[in-house]
Structures are given as C-alpha cells and as structure tokens.
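Please open the structure in your viewer and keep the selection panel at hand. The tour below moves from one selection to the next and says what is found at each stop.

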Amino acid sequence: MSARSELASPAVANIADTVSARSELASPAVANIADTVSVVQSVDNVALLPAYLAAGTAVLVLLADLLVARARVTVVAAALGATATVVGAVLVGSGGERRTFCVGSDCSYVFDGRAALVAVVVALLTLGVLGLSGPLLRDGTSPAGEYCFLLAASMTGGVVLGAAGDLITLIVALETLTLPLYVLVGLRRGSLASIEAAVTFFVVSVVATTLTLLGAALLYAATGALHLGRLGALFAERPELLDLPLTTAAVALVVLGLAFKVAAVPFHAWAPATYDGAPLPVAAYLSTASKLGGVVALLAVVQRALPAEVTGPVLALLAVLTMTVGNLVALRQRRTVRLLAWSSVAQAGYILAPLGALALAAGRTDDARAAAYAAAVAYAVFFVVLELGAFAAVVALRPAGAAGGTLDDLRGAARRRPWPAVALALALIGLAGLPPGLAGLFAKVTVVRSLLDGGAGWLALVVAVNAVIGLAYYLKVTAALWAAPVPGGVAGPAASGPGEPVPVGPVPAPAVRAWSVAAVLVAATAAALVLGVAPQLVLDLAAR
Amino acid sequence: MILGEFLLVAVLAVPALGAVVVAAIPHDRAARVVGVVVAALTLLATLPLPAGRERGWFAYAPLPPSPEASVAIHPWHQVDAPWVPGLDLRFHLGVDGISWPLVVLTALLTLLCCYYTLWKVPEGSSGRALVALLLVVEVGILGTFLAFDLVLFFVFFEVVLLPMYAVIAGWGGPDRRRAARKFALYTLFGSVLLLVGVFVVVAAAGTADLLALTGSAGMSRGTQLAAFTLLALAFAVKSPLWPLHSWLPDAHTQAPTVGSVILAGVLLKMGTYGLIRIAVGVAPEGARWAAPVLGVLAVAAILVGGLVCLAQTELKRLIAYSSVGHMGFVLLGIATLTATGLQAALIGNVAHGVITGLLFFLAGAVKDRTHTGDLGDLSGLRETAPRLAGLLGFAAVASLGLPGLAGFWGEAFVVVAAVQVGGALWTTLAVLAAVGGALTAAYFLRLLRQVTHGRPSPAVARLTPGLAGAELAAWAPLVLLALAVGLAPTLVLGVAEAPVDALLEVLP
C-alpha cells in the first residue's frame, strides 16, 4: 500500500503534465513541456522527506514483523517511525514552503506550513493510537504486524494529503488514508460486529470516492485543469465557467464526496455503526486522523480550487444540518462509542461552520476567508486533541481489548479510577466547550468570532444553540462517572438484583492498566490543558 | 500603583490556587480548614482595593478632567496583559465603585459558606470537594466582576457554570440532578448568547477593551440594537428576568444551603452587573431603545414573583421566588437609565445579596432541624427555637424593605426613579412596582405568621432553642451588614456615585 502511494505521486505528476501539455498545445512552450514529461524531472526529495519517512515506517513495520515476529518490536518500530515522521515534518515545515512535481507554476506537491501542521498532527495521532492499541495487540485479539502496517500506511496517506496540490494526488492520498481502515475496522478475530462495520464503511466510502472522482473528471472536462491553484485561477478569470451546469454538478460532486469522508449529515449514516463496531483504538483513529483528513481535503478544494459562491451555501447547509442532527441524535445514545461517534458528527459541523460564512458576500473578502479557513483548521486541531483524550480515557476505563460498552458501564467510574475519569470529564467538557476545558471553549470562540467577522451572525447563533444541546449529553456522561454504580452492572454477579439476568461467564476483566495507554492519556490531557492556557499556539499555526 | 495591581491578581490567584490545594489535601477536615483560610485571605485582599484611589469616601466633587476624558470608566487599579491576541483576549482586570461592593460581597459570602461547611457538610460527596468547588465558583464570579475585557468577562462568566452545577448535583436535595441540569442548560443558553453578543461588538468595534468600548465607540445604531438584544437576553437569563427565570426556583430549592446562598447572594448579580457594565455601557443606544421593554418585564417579574410567593407552600421555594421579585426591582432600576435608578439598582443588588443569603442560611437551618420545608408542617417556631425565629423575622422584615434596613433603599428609590422618568408608562410601572412592594410585605408576613407564630407543629416541637456557634458566626456578619447598609447607604452609594455619573454621561 505504501509502495502504491510512493509511486502514485510521480505518476500523477506525469498525468498532470500531459494534461496541461494538451491544454496548452498552441503555446510555444510545448517543446519544453514535452521534455519534462519524460522521466528526468527534478524532484525535491527534501519536500518529500515526511512522506518517505511515513512510507518507510510501513515498510519497516512489515520487515520487523517478518524478521523478528514479536508484537512488542513491531509496535516499537511503528512508534519510532511515527516519531521520525513528526520530526521530519517539523524540520521540513520550518524551512518555508517547498514545491515539487511542478508544471510551470502548478505543483502537485506543496509542502507548506499547513501541510507540515497536518503531517505532524496525523503522525502524532498515529503515535497516540499505537499507544492505545497496546492492550489490544498484547492479548492477540488483533495481529500486531498487520495492524501496525495498516496504521502506518494510513499515516502515509495523511502526511501526503496536506501537501496535495492537484485533485488526483488529493484523492489518492485520501484513499491511501482510508483504504487501510476498511481492514483495520474488521481486524478483530471472531467479531461479527467488526466485519459488519467494515463492510458498511467500505461500501459507503467507495461510493464517496467514486463521487469525488466523477466530480474531478467533470471539472477537468469543464475547465481542462486539475491543479487546485490552476482551477481557482481559472474560475476567477473566467466567471462564465460558473454558468455551465456541468461545473455546478462537478463542484457539488466533489464537495459531497468529501462530505462523506467527514461524516457530514446527510452523509453520516456509516459513522456511528462503523465506530461502534471497530476496536476502540481504531474508532479513535477514525474520529480523529481520518476525520482530520476529510476536513483537510475539503478545505483544500474549497480554499484553493472551487468557487466560494457555489461551495459556500452548500457548506453552510451541511454545517447546520451536521451539528444539529449530530447533537440531537447524540442525546438519545446509550452506548459510549455511539455517543462519541454522534458527537463527533456534530463536531464536524462546527468545523464546517466557518466555511459556511462563504455563503455571504461579506464572508468572501480576503480577510474573512483567511479567518474562516484558519478557524476551521484551528477548531479541527483543538477537536482532535480533545477527542483523542476522550477515547484514551474510555480505553483506560474499559477492560483490556473490550469494546466501548454502554454508559451504564461507565457509571461510578470516578470512584474506582479517579484519574482516568477526571481526564474523561475534562475531555468531554472541553468538547462541550466549557471551562475547565478551556481548549474547547477557545475553539468555539474562534469559530463564532470568524463567523461574525464574516457577517454570518445567524450561523453563529446556530452554533451557539447547538453548544447548549451538546452540553446536555456531555453532561450526562460526565455526571454518570460520579453517579452510584448500577447494581448488577460493573459490580459483578453478586450485586445483581433478583429479576435481572445474572451475567454468565468469567467476571469482567479489570480495567486496562497499560503504561502506553496511560502515557497517551496523560499526553492528550496535558496537550488539552496547555492549549487551553495558550490557544494562540494553534491559532498561529492554523493561520499559516 | 503596584500594590493595587498585586491585590487584583491576588484576589483571583488566591482562591484559584486554594482550590487546587484543598482538592489535593487528602484529609477532609484539614482541607476544609485550609479552604476557610484561603477564603479569608481572599476577603482580606479585596478590602484594601479602594486604598489609593483618587478621592475620599464622602467626596462628591466631580473628577478633575483627566487626559482621557472620553473614557467613561475610571478604574481605581488595573492590570493589563496580553493573553490570546488572535481572539482579542487580554488579561485586563480592574476595579471601580460599581464592582467593588459586589467583589467584597462575593468574598464575604464565600468565606461564610466555607466556614459553615467546616461545621456541617451537606449530604453527598466529601466536604473538601465542596469547599474546592465553592472556591472555583468564587474565582469565576470575582473574575466576572473584575474583567475589563469583554472576552475575558465571557470566559469568567462560563467558569462559574460547571462548578455550580456540580455543587447542586453533588450535594443537593432529592431532585437535584434534574434541577442541576436545568440550571446548567438554561445558563449556558444565556452565556452562548453572551458569546455571540460579545463578538458582534468586537467584530464591529475592533476591540474588546471595556474602557475603550464604554460609550459605544462609534458602533452603528443597528449593531448596538443587535448587541444589546443579545447581551440583555444573556444577562436576563442569569439575573433572572421574567419569563426566563424558571431555572431559578428549582436550582435554589434543590441546592445545598451554601449553594443557595452563593446562587442567590452573588451569582444572580453577575447578570445585573453585566447588564449595567456591559450591555448598557457598550450599547447605550440599544439600552435607550429597549428600556421600556426591560421595564415592563421587570415589573411583571415583581408582580409574578409576589403572587407566586403568596401561593407558595415550601420555605426555600418561597425565598427563591422572592428573589425573582427583588431582582425585578433591580432590573427596573437599570431600565430607568437614571442616576437614581442605577444607584438604587446597585444598592438593591448588595442588599439582596446580604439579606437573601441570610434567609437561605436560616431556611437551611430550619430544614436541617425539622427535616421538612413544607410551610404546612412548620408553625410555632418562636415557642421552641426563639433565636432562630427572631433571626428569621429580622431577615424577612429586612427583605420586605423596612426603612432602616438594607432592603429599603433599593426598592424605594427604584420607585422614585421610575416616577422621576415620568410619562404614562413609567408612572404606571412605578405604581405597579409599589404594589409589588406591598405584595412582598404580604407574603413575608404570611411566612412569619405561619412559621413562627401559632402552636408548635410536631416537627417544630422537637427543636431545642440553642444555635451552634458556627451558625451564629456565619450569620452575624450578614445581620450586621443588613443593619449597616440600611443605616448608612453611603457605604455602597459613596463609591458608586462617581462611576454611575460617568456612565450616564455617555448615554445618548
């Protein structure tokens, strides 16, 4: 899989080259371009370093599994690779923008500040998920080699995604991010729910990708361009392109296909079932790294390629539906992971909300647009930190290798395991956007501020009202942590009432006490606390 | 002045650090003692804040024209440091005559509540957790009163929400979870409107600095109307203004005694303070425009509160609904937008905090002893517990506004202010508010007749006359303050006069 992604980028660049060569057939530059179509294109390998490191991680894991065949070594290899990717992305990103696979001024791979941010966050999330997977891999529920390889392959997609400069690279990177997840979701021995979840996810995701590809093809048919920057410039220069019904259809297909990936309503139905069926760490990856990937892809096309006049209203509608439906349905959930899944649907709505400001002319000034994009990125970063913290705490509170269970299983958890419970409460309150989860509060403030700067006061009010609905269920979970445990639930067979069925089989295993899970939990909570005191760190990075 | 800045930071830092320390000490009683010490230190830090201000206590002469004469707020001290430039958030604290009485009241009530908890922990979780939460609530409330930055104000406004939820949900009465959830959702609804309102202002004016914003800083009329509507709605939920009050009776009734005292004593004041400082100060045209609506709703609150109280059969619920009426007077005072009205509102705020705090302490004591709050099961309290009955009588009489006690000034002068505004509407409102004042007297006298007079009911007959030393110590400061503010209203008005006049100067 990693090999495929490595090969994909140059191949795509070549395709793109031929494409633009054809569209500029009349120009005198044809001869030069014809030269560059041959394989001797100069490639900036430094720009590609993070992608190499990520892909190398996948290969390393495969080799480690093959040669040493010990779960611990495999996991450590994956963790080292992810760390190296983080370092590589930071080093390359701090050196300013680097482009490669270029035709003229259009490049297929642009490693700028945002690409570095995305690569770092995705690699860190992968590292976190690896930590959470410790107990799962130790008891052999999932095969360690395959598991880590797939995770590393997915990380490669995420690292390339942020730097993608044309539609095809973007879609291939997004697929590289998603494809391993189909397998990961189902990678739990003897679990029917996992298989079901995997199939649902696979079918929906393939349809979504097809839609996006069709949209990209139609866009190419209408404009003759695939590079994001070129598309944006074309739409700005030739507004008559927007009058073509084909263009509108193409834009809609691209946006809607990507909306599937972020699980925006009404393209969300796969998410709760998939999250709930997947192993907990994979659900954590789905709702953080995978969702971040969808957001980055959507942001890339909206910001650089597609006309805001067309995407703005669509995104505003998606945002309103997503947060409202997500929050309302989350109110009724009884299973922990389903509740988190629906809440993350709602959170995707908050991420999309700033982009909804593009629907109005006041939101399409340069300043307002920059603020909207920065707000969406900033919210996404705040969100993944808090979400990873929430999942880490749930993993820590549940028996090793267990699924998320119901809310009743979490009742009274604070009495048994005060620290993970406090961390979970902090993460949930942060997701609700209230102190002491200041990171979440500032995330909401950023979104509302960008909306009001863009003149979209109505959307700000929708966000605000949704925050109130959201608090209702976040509070329900948080309060359950401190409530008296349900008799017969966690307390074991002895405490169950006379009318209730006595649980058969062994007493539930004690909650996880793996150091790797604890480390991830501490790191995510510490990150949330630091970002709560110094949100400017994220705001600065997001604005780059 | 360096000392002033130090004190401002200390007022917030001491309880914040104290809360962490209290939560970290494993021994319950030791933790509570530390909590009391922390609360006492906080009170000590608030008291010298007026020191070093330019004018004496009783000097009413106008200020010499300062270089920044257009600024409508003259803080005694301020601290200003950048925090999150990307969100226009600065750590800007300040104190002046409008906020200082409320700051002291907050610190005093928190100290009394912590001290009361030292003596008696309500049923629920551990006492140290309760004390830690009370200290966090104190940080939020004090921060709200001290913030001179709109975004910072919003942040502190939000800080209060969840700790107060936890106090109600963790230590409250039988129906505490529902009441706590209702409180949290209602007040969050208010504060998200505040968030939107704040950023409507910030987006239009380009700054969140209250000193620069007060007097509207050149915002268009439309923006001001929108901003005032959002802000006033937000504060109306917190205050609470009829018809957005329905969270209050449940929360106050179900909360533990100390929770009720903090809720009624100072938490509601965040709403009225915000209305004066933020809503009126930042969007004066909007305030002028909405004043009649605000006035009508305030009078409706007074009358509805009074009538509901007349029909109440539960002690704590009656006191809770009386808060709706009293806060109605405060809001009517603000709605008049006159010097008399605003001053009356400020002194009404303080008086209500002192008296209703005392009333909730007493109601808690009665309920703890008799295990019932039903007025039908309570009578003849003066026969078996004469001291408790006497204090209850004092508090009730103070609350109904007897001249010479704290409650009088606020309510009487609100009516005077409404008459002074003149016109058919305001005169009618004044008359109706006066009728509401009479209703207040009616239901408090009914309460006293039922609870203290008559033959002792079985629940009351068991009581012993004694009061615990801790109870007396917690209540005495409130009794003395009710007397002191009643006899010398200049304690509050003396410091509030100059800032109110300055605020009125920027009103159109």
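How many of the residues of helix H10 (residues 247-254) of chain B are buried? Eight of its eight residues are, and the helix is mostly covered; a residue is buried if 20 or more other C-beta atoms, placed from the backbone, lie within 10 Å of its own. This is a predicted model, in which local features need pLDDT of at least 70 and side-chain atom pairs count only at pLDDT 80 or more, while totals for chains, interfaces and linings use all residues. Residues are numbered from 1 along each chain as its sequence is written, and chains are lettered from A in the order in which they are written.

Stay on H10(B), whose buried residues include Trp247(B), Leu248(B) and His252(B). Helices are DSSP runs (H or I, at least four residues), numbered from the N terminus.

Next, select the boundary between the chains, where 25 residues of chain A are in contact with 23 residues of chain B; contact requires C-beta atoms, placed from the backbone, within 7 Å. On the chain A side, helix H19 (438-453), helix H20 (457-482) and helix H22 (536-543) each give two or more residues, and H20(A) gives the most, with eleven.

Finally, colour chain A by domain: domain 1 (1-196 + 273-300) and domain 2 (307-490 + 511-544), with bounds from an automatic or database domain assignment. Their contact takes 25 residues from domain 1 of chain A and 34 residues from domain 2 of chain A.

Technical notes. Two residues are in contact if their C-beta atoms, placed from the backbone, lie within 7 Å. A residue is buried if 20 or more other C-beta atoms lie within 10 Å of its own, exposed if 12 or fewer, and partly exposed in between; C-beta atoms are placed from the backbone.
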